[in-house]
Amino acid sequence: MLTQTQQVDLTLHHLKEHTLASFTPKERENIEKSEDWQKFSERLETHFPKLMYELDNVYGSNEAVLPMLEQLIANSWASYAKRDKALKKTDAEREADPDWILSNKQVGGVCYVDLFAGDLQGLKAKIPYFQELGLTYLHLMPLFKCPEGKSDGGYAVSSYRDVNPALGTIDDLQDVIAALHEAGISAVVDFIFNHTSNEHKWAVECAAGNPEYDNFYYIFPDRWMPDQYDRTLREIFPDQHPGGFSQLEDGRWVWTTFNSFQWDLNYSNPWVFNAMAGEMMFLANLGVDILRMDAVAFIWKQMGTTCESLPQAHALIRAFNAVMRIASPAVFFKSEAIVHPDEVVQYIHQDECQMGYNPLQMALLWNTLATREVNLLNQALTYRHNLPEHTAWVNYVRSHDDIGWTFADEDAGYFGIHGYNHRQFLNRFFVNQFDGSFANGVPFQYNPNTGDCRVCGTAAALVGLGHNDPFGVDRIKLLYSIALSTGGLPLIYLGDEVGTLNDEDWYKDSNKSDDSRWAHRPKYDAELYAQRNDLTTTAGQIYQGLRHMIQVRKTNERFDGGRLVTFNTNNKHIVGYIRNNALLAFGNFSEFPQTITADTLQAMPVQAKDLISGKTVKLNEDLELQPYQVLWLEIA
């Protein structure tokens with residue numbers, strides 16, 4: 001009997017032969033002598049065992065796996081062979097330096113193309129602004145072809161190879177990506193791989209019974225199977241539809257975790273994996289640097305479970321990652337997992353998603369603003385912040401999505417906080433239904449059966465700038481100072497840097513009126529951006545403050561890397577942490593001056609330079625921080 005290693009070697013040999021079999025002898029000879037084939041073959045030998053292992057974890061002895069692999073590897077070679085030389089150069093650079101994402105020089109921004117710039121050519125014209133702000137990473141929110149009208153903000157993809165016509169063409173996108181690269185900015189796009197729109201060719205053909213697309217989706221003749229699954233599924237968008245399924249016009253039922261027009265893909269069919277890998281390689285060859293792996297927790301279904309964060313989901317993502325290491329190793333994955341903190345971190349690994357959103361830190365920043373107490377934030381920084389080597393958090397203050405209170409009940413319970421009750425308080429606080437609230441958010445997806453709710457709002461709206469709160473500017477700068485200094489890649493939702501408020505007219509559009517997240521997706525406000533250099537304006541104060549912190553970060557290697565150690569300030573309102581044994585950061589989350597005693601600071605140097613103000617701060621006496629003040633202190 002062959003060993004597992006021998007089986008892998010035989011399979012790999014077979015796949016190489018199959019890949020080259022379609023070429024003439026002369027073509028094959030030339031290919032085998034080429035530098036491209038040598039590099040591809042080397043990567044294939046390195047990463048194929050991982051790919052085969054993960055696919056075996058998912059599919060076992062499924063007889064479709066070998067013919068699927070034959071097509072997958074042949075497609076991988078075809079993709080790499082036509083990959084642009086500049087991208088191949090980046091492949092080699094990132095293989096040699098996987099920690100590029102952890103550099104202090106990396107700063108990200110995110111926007112909707114249409115809302116921020118009108119279309120792709122308009123976005124290209126804004127590249128000088130991105131450079132001015134200091135961005136090296138730009139996430140373009142979903143921009144691919146999708147249904148007209150309701151499309152979940154573009155997350156219902158009808159084609160991964162066509163741009164939404166309102167934004168331009170796929171050639172425009174490639175042109176923009178090339179221009180971003182020329183400006184030193186990485187391009188990030190969403191890879192929506194849990195589902196497609198019901199208008200995608202795969203969905204249309206599957207529903208029509210085309211055997212080529214058989215079982216690409218979960219379609220059932222009646223309610224019996226959906227009812228069995230629904231017993232253990234969590235409702236994600238209860239306002240849209242109860243449970244996890246929607247009925248088709250012909251009476252059948254299809255799995256739709258999010259919306260009726262977003263059909264979940266059936267990854268128990270290996271050909272679905274192959275099809276998605278092909279779309280991934282296409283995007284990689286456009287020059288995309290990072291794929292935001294959307295809804296990673298939901299991609300595998302199993303009866304009797306929540307169908308979230310199952311082992312096969314991780315195996316599939318690792319298998320996709322192995323494909324990228326073979327065909328386009330410059331491309332990294334960023335996980336989007338809004339689940340229990342213990343589950344979030346499980347997606348982040350060099351062999352899975354090299355980057356991951358940090359939803360716990362984001363939620364706790366807002367929690368800390370509301371409570372003025374740093375206990376939960378400090379706990380998260382202490383026990384849930386550090387990641388495996390060669391991986392990074394994406395630290396953000398807010399996103400296009402709602403704010404869900406994703407802290408663990410057991411973490412809250414340590415401080416005597418009742419998780420459910422505390423979430424209710426936070427919801428009321430941030431929609432201005434709590435006495436003393438400064439926020440002006442809106443509720444999202446209230447579930448009367450569970451009492452669950454989330455919150456929407458721009459940063460400016462949630463910190464009080466909607467009614468000119470005197471501390472609003474400092475609150476925004478405090479929140480973004482944490483994202484910029486805790487380690488990983490900081491991400492700015494564009495518009496926040498000039499204090500853009502909620503779109504008050506979002507509900508007037510019938511295609512958006514049932515989704516309050518559109519409240520915090522306002523259009524580019526030319527007037528605010530025109531004020532960004534005027535320190536007498538709110539926009540100027542926010543912009544200049546954030547831009548200054550970005551420049552400090554980018555020019556100081558004390559911010560390099562991802563790890564930190566928390567510092568107990570012995571003041572419940574002040575968070576503290578140390579980076580690289582050389583930078584001590586403090587942030588006051590109170591609207592009153594707060595003190596760190598000299599006794600607390602006794603292990604520190606006598607004095608230190610504050611990188612933000614440029615002033616020298618004495619650490620051998622009580623240290624007072626003004627309301628919402630931030631200090632970045634050089635201690636070595």
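Two strands pair if DSSP finds at least two bridges between them. Helices (H or I, at least four residues) and strands (E, at least two) are DSSP runs, numbered from the N terminus. This is a predicted model, in which local features need pLDDT of at least 70 and side-chain atom pairs count only at pLDDT 80 or more, while totals for chains, interfaces and linings use all residues. Residues are numbered from 1 along each chain as its sequence is written, and side-chain values use heavy atoms, without hydrogens and water.

**Strand E11 and its partners**
- Strand E11 covers residues 290–293.
- Strand E12 (residues 332–335) runs parallel to E11, joined by four bridges. Here Arg 292 stands opposite Lys 334.
- Strand E5 (residues 186–191) also runs parallel to E11, again through four bridges. Asp 190 stands opposite Arg 292.
- In a regular strand, side chains alternate between the two faces of the sheet.
- Ile 290 and Arg 292 point one way from E11, Leu 291 and Met 293 the other way. All four are buried (under 20% relative accessible area with a 1.4 Å probe, protein chains only; exposed is over 50%, partly exposed in between).
- E11, helix H13 (residues 311–327) and E12 form a right-handed β-α-β unit: with the strands pointing away from the viewer, the path from the first strand over the helix to the second runs clockwise.

- Arg 372 is not a glycine, yet has a positive phi of about 65°. It sits in the loop between helix H15 (359–371) and helix H16 (375–383). Arg 372 is buried, at 15% relative accessible area.
- Asn 570, also not a glycine, has a positive phi of about 55°. Its loop lies between strand E18 (565–566) and strand E19 (574–579). Asn 570 is exposed, at 55% relative accessibility.
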